[in-house]
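Here are a few friendly notes to read with the model open beside you. Take the points one at a time and find each residue as you go.

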Amino acid sequence: MGSLKSKRRSGCPVSISLESFGDRWSLLIIRDLMVRGYRTFKEFEESGEGIATNILANRLRRLAAAGLIVAEAEETDGRRVNYRLAEKGIDLAPVLLELLIWGARHEQTGAPCALIADLERNREQVLAEVRRRWRERDSTPFLPRFGE
């Protein structure tokens, strides 16, 4: 990680955080790992966001280098790779929850208002469930794909 630190624009925690996970593709990959249960390159590629394969491969490498995700060989086929949030990555759950609530509050989205209101009222329970699923490696989707 020394190379990541040498490229920092400043010592500001917001700037440093954004350098680690701040572009839209990285955040969407983290979202997909956290709430959609995605684990494979193919699942990310087919997420409906339109990410190009070269960008996806680059972001997965960057997120792993930053310690936000880990790549693990699949148990049944060691040639295949599954991705998983590292502890550093799952610690972004409150940030993503607040982005989801903020986006739905201030922009027109495909997220049902009742679902967003429920997430907003029950932040602690939502975060506890996201962490439980992460700890238990439960890949059951937590949230639907919005706007479909």
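**Notes on helix packing and an aromatic cluster**

1. Helix α7 (residues 93–106) packs against helix α8 (residues 113–121) at an angle of about 135°, and their axes are 10 Å apart. That makes α7 oblique to α8, since angles under 35 degrees count as roughly parallel, over 145 as roughly antiparallel, 65 to 115 as roughly perpendicular and the rest as oblique. This is a predicted model, where local features need pLDDT of at least 70, side-chain atom pairs count only at pLDDT 80 or more, and totals for chains, interfaces and linings use all residues. Residues are numbered from 1 along each chain as its sequence is written, and side-chain values use heavy atoms, with hydrogens and water left out.

2. Which residues make the contact (heavy atoms within 4.5 Å)? From α7 come Leu97, Leu100, Ile101, Ala104 and Arg105, and from α8 come Ile116, Leu119 and Glu120.

3. Now look at the rings, which pair if their centres lie within 6.5 Å, with planes under 30 degrees apart counted as stacked, over 60 as edge-to-face and the rest as tilted. There are two aromatic pairs by this rule. In one of them, Tyr38 and Phe44 sit edge-to-face, 6.3 Å centre to centre with 65° between the planes. Ring pairs join Tyr38, Phe44 and Tyr83 into a cluster.

4. Is Thr40 buried or exposed? Thr40 counts as buried because its relative accessibility is 12% (buried means under 20%, exposed over 50%, partly exposed in between). Tyr38 and Phe44 are buried too. Thr40 lies in the loop between α3 (24–36) and α4 (41–45). Apart from neighbours within four places in sequence, Thr40 contacts Arg80, Val81 and Asn82.

Notes. Axes are lines fitted to C-alpha atoms, for helices over the stretch in contact, and angles run from 0 to 180 degrees between N-to-C directions. Helices (H or I, at least four residues) and strands (E, at least two) are DSSP runs, numbered from the N terminus. Contact means heavy atoms within 4.5 Å. Rings of Phe, Tyr and Trp (its six-membered ring) pair if their centres lie within 6.5 Å; planes under 30 degrees apart count as stacked, over 60 as edge-to-face and the rest as tilted. Buried means under 20% relative accessible area, exposed over 50%, partly exposed in between (1.4 Å probe, protein chains only).
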